[in-house]
Every structure is written in structure tokens, then in C-alpha cells.
Amino acid sequence: MVESTRIVLASRPVGAPTPANFRIETVELPPPAEGEVVLRTLYLSLDPYMRGRMSAAESYASPVEIDEVMVAGTVAEVLESRDPSLAEGDVVLAYSGWQSHQVVPAGAVRKLDPDKAPISTALGVLGMPGFTAYSGLLKIGQPKAGETLVVAAASGPVGSAVGQIARIKGARAIGIAGGPDKVAYVRDDLGFDAAIDHRAPDFADQLRAAVPDGIDIYFENVGGAVADAVYPLLNTYARVPVCGLIANYNAADVPEGPDRLPAFYSRILTKSVTVRGFIQSEFVKEMYKDFLRDMSGWIADGSVRYREDIVEGLENAPEAFIGLLEGRNFGKLVVRVG
Ligand code: NDP
């Protein structure tokens, strides 16, 4: 009999989540049926989209129900297999949630090769966030040599890959991040052409000075005050892949201040701007193979670098997730569970 320690949604947050929205519990798992495997979680991915799953509001995916386990991508070890495709000890990429163990169909996991890359990267630069950057930028952003790209959350797994891939394609990359340490990392370690702190009082002026030729691609990761500063700088035929709006995820109400929509639409019209939202899963069939090939090559030759923020212990996942929405993470946030 295998026991699983798991974190469930105890209540839906109003505004920012608190530890009281989560509950930790231990359950006994059923034995695996034919075609199933028992998994032990090694790493658990924490991602901004989980805030949406905690809410009952309409979205592109169903919410987590109260008392259900929080959803998440995981890297796990096979403890027991009742399927010929997997053996005890195999390491797999799964979607088994915030829990220490789970029984899943073998067809729902993908085997990883631990000799090819550190296994945690399957949740970051070589996984969903890296693919989000790759597909959204190349498919919608379409960077060209000499163009200027701006991306926020630039030290995180999506933004860091967006800027580095843009540079590989010959564009200038301007990163926006919160605080001096992240700004220095984006500029000095990741090699962005410039990096700006969105918390600086003169942020909008610094951004304008950093893009003397305007902005051709704004990879939208955050919305909020960053987007307000970017829109007046968009060039004719600029592209805006709308990937995430994390500045709004905890909002319980519409933002204060004047209605920005008329100015926003006016810029789109007068500059012939393309604004296109996307969810990365849309491009998986078409682009995932190319992504794995290209990204592995770029990591190997040093043209893409990445950083992980590893938190120890499943019980610390709620606090780490709350911190992610406030920018307390520095790099791809993962929890080491086992
Ligand atoms: P990160 O690890 O970069 O973490 C989120 C970061 O957002 C924080 O560290 C913080 O960085 C920044 N942030 C938070 N609030 C604000 C704010 N008000 N203004 C500016 N920055 C803020 O996250 P990911 O790389 O995993 O995700 C980046 C974005 O991509 C998110 O919006 C996410 O929802 C989206 N996404 C979309 C997908 C899709 O398919 N469309 C798939 C995956 C991710 P800092 O301290 O630098 O401000």
C-alpha cells in the first residue's frame, strides 16, 4: 500500500492566495491496475497559470475543485509498473499534481533520459515554459535581424528564453525585471542588450531611452504598468504575442484609474499592430519536436542559459507559489519533493 501526501485546494482565494487556501493531507493510493504505474514525485513545477485554476471564473481550462489536488507538471520516478513500456526506476515527465505519489496510466507520462539533461529542466527551459517562449515568439512575434523586442518577467523561464531566442535571431532584446539582482542577471548573465527595473520610479523614461528605434515585438507576459509604458512605443507593424498577464492574476476588481482601452486601440489602429493571444498547447503538435532539437542545441552551445529556483519540500509549495505571484522567485520555480 502506497501513501501519498498531497496539497488540495481548501478554498478559493479572493485577491492574493494565502496559506489558508491550501490543505495538506495524506491518503492511501489504490494499487495500480493493468497499464498503470505508481509514481514518486521528484520535482514539482510551480507556474503562474495555477492561480487561474484556483478560481471558478471562466478560462481556457477547468478550475481545480475544492478538496481536489492542485494540478502541476512533475518529474517522477516509476516505483512500480504494470505496463511493458515503463520499468521501475524510470524517470518520467507527468502531470500528477502537488502530491508525493500518484497512480497514473502509463500512456499519460513521457519517459526522460537523465543522461541528456538535468531532469528538472523538463519542467523549465526544456519543458512547457521554454516551449511557450519558443512557439509564441517564433510563430507570432516573428523576430527579424535588427528589430527591437521587449519582454518582462525576463529572469523567469518564459521571459529569459524569449529574449535569448530573439537575440539568436538577430534582434535586440530589452528585458524588464523586478529589482537590481534580477536586472543584473538579465543583462550580464543572459546577455540581453539592456535590462530595466519595472519598480524604478522613472521606469517609463528608462524604457523609452532603451528603445531609440521603438519596439517591434512586445512579448506580453505581465500587463499592468509595464504594458502601459510599452504601448506608446510600438512601431508600425509591431507584433504583440499575448502570453500572460500576471500583474492582474490576483486582482479582485478592475484596475483603478482612467479607461486605457481607447488609447490602446488607437495605437493598434494607427500603427497596424498585431495583437494575438495564445496558449502554448495550440502549437505542440506542429512545433514541439523542433523546439526540443533547437533548445537542446542552444543550451549545449551556450546561446541559451537558464536559472532554477529550487524550494525544498512539498509542504513549502503553497508559500513558494504565493511568492511566485509577487516576484519572490528568481528563475524557474520548482519544488524538490523526493
Ligand atoms: P516567472 O517565473 O517569470 O514568474 C513570474 C514573474 O512575473 C515574477 O517572478 C515577477 O518577476 C513577474 N511579475 C509578477 N507581477 C508582476 C507585475 N505586476 N509587473 C511585472 N512583472 C511582474 O513566470 P513564467 O516565466 O513561468 O511565466 C511568465 C508569464 O507567462 C506568466 O504571465 C505566465 O502566466 C505566462 N505563461 C503563459 C503560457 C501560455 O501558454 N500562454 C504558458 C506559460 C506561462 P519580477 O520580479 O521580474 O517582476
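## The largest cavity

Domain 1 (2–124 + 308–336) and domain 2 (128–280), whose bounds come from an automatic or database domain assignment, both give residues to the lining of the largest cavity, so this cavity lies between them. The model is a predicted one, in which local features need pLDDT of at least 70 and side-chain atom pairs count only at pLDDT 80 or more, while totals for chains, interfaces and linings use all residues. Residues are numbered from 1 along each chain as its sequence is written, and side-chain values use heavy atoms, with hydrogens and water left out.

The structure holds one cavity of 30 Å³ or more (a set of points on a 1 Å grid over the protein atoms alone where a 1.4 Å probe fits but cannot get out, with lining residues having an atom within 4 Å of a point). The largest cavity has about 80 Å³ of space, and of the 15 residues that line it, Val 125, Pro 157, Ser 160, Tyr 306 and Arg 307 are the closest to its centre. Helix 3 (residues 157–168) gives the largest share of this lining, four residues (helices are DSSP runs of H or I with at least four residues, strands are E runs of at least two, both numbered from the N terminus).

Gln 142, whose phi is positive, near 45°, follows helix 2.

Helix 9 (residues 317–324) is also largely enclosed, because seven of its eight residues are buried.

Key: Buried means under 20% relative accessible area, exposed over 50%, partly exposed in between (1.4 Å probe, protein chains only). On a 1 Å grid over the protein atoms alone, a cavity is a set of points where a 1.4 Å probe fits but cannot get out, and a pocket is an open set with protein on both sides within 12 Å along at least five of seven lines; lining residues have an atom within 4 Å of a point. Grid points are joined across faces, edges and corners, and a volume is the space filled by probe spheres set on the points.
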